[in-house]
Amino acid sequence: MARQIPLTCSGHTRPVVHLSFSDITPHGYFLISACKGKCGMPFLNGHQLLTASNEKLMRIFDLQNENAEPDLLKGYTVNIRAALWSKDSKFVFSGGEDKAMRLWDTRTMSEVKKVDLPNSVSSMVLSKDGSVLVVSYAKTISFWDTERMENMKSFEAPTDIFSASLHPTKSCFVAGGDDFKLYKFDYTDGKELESYKGHFGPVHCVRYSPDGELYASGSEDGTLRLWQHTVGKTYGLWRAVNNGITSEGTNS
């Protein structure tokens, strides 16, 4: 039986709290990571930069006009925990410490919908096609239709979840949180498929690669780890040897 051997990427000196994959390009795809600091949460949509932090404001910067003042999305009286663009960049999804998530129209710079939740949001991640918003709070991982902002399904995890990501095919999803583990669940019924332990601290962020062949995790331990979606498959630095047993490869 093949064994999951994550590749460890060192370099950060503080907890890794944000990960983002690029789309697939002629040169492959890229992964950017950010550690805990004062820069807030940056999200690009091509020519605009969205940031959110404990200032209770979201800012939208025009990257084509460096002298322009950023547009402001106002209305929060609590810290903002998550913010991201919709697929078409016309809307922004956000979640704060007020046990709610909000939808903002960037054309009018106003809030258009608010949905109350049982607990404060810990993370929000879009599916690859932009149709599903994955929202985690406490031990719950919920999936929302992005057009109607309606809940489609929710599942409970064994631990408090800080981040979750849906596979591009929507067959399964991965999640990580307070108990240092990475979990994989079936998207249809929420059944746990796999779980792995490799980090030495809580898992703050998890993201699937755009081709679905691996997922990345960032932790309080300051490392970023790459995990195979299909354990034992030859892919990247992983090489299948001895009837599917995976060689360790070279950690980067």
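Reader: Is F173 buried or exposed?
Author: F173 is buried, with a relative accessible area of 1%; buried means under 20%, exposed over 50% and partly exposed in between, with a 1.4 Å probe and protein chains only. This is a predicted model, where local features need pLDDT of at least 70, side-chain atom pairs count only at pLDDT 80 or more, and totals for chains, interfaces and linings use all residues. Residues are numbered from 1 along each chain as its sequence is written, and side-chain values use heavy atoms, with hydrogens and water left out.
Reader: ok, and what about F155?
Author: F155 counts as buried too, at 13% relative accessibility.
Reader: How many aromatic pairs turn up in the whole structure?
Author: The search finds 11; Phe, Tyr and Trp rings (six-membered ring for Trp) pair if their centres lie within 6.5 Å, and planes under 30 degrees apart count as stacked, over 60 as edge-to-face, the rest as tilted. F155 and F173 are stacked because their ring centres are 6.0 Å apart and their planes at 10°.
Reader: Which strands hold F155 and F173?
Author: F155 is in strand β15 and F173 in β17 (residues 172-177), so the pair ties together parts 18 residues apart in sequence. Strands here are DSSP runs of E, at least two residues, numbered from the N terminus.
Reader: Which residues form the aromatic cluster?
Author: F143, F155, F173, Y183, F185 and Y187.
Reader: Switching to charges, what lies over the face of Y187?
Author: K153 does, at 4.0 Å from the ring centre. The cut-off is NZ of Lys or CZ of Arg within 6 Å of the ring centre and within 35 degrees of the ring normal. R102 lies over the face of Y76, at 4.7 Å from the ring centre.

Definitions and conventions: Helices (H or I, at least four residues) and strands (E, at least two) are DSSP runs, numbered from the N terminus.
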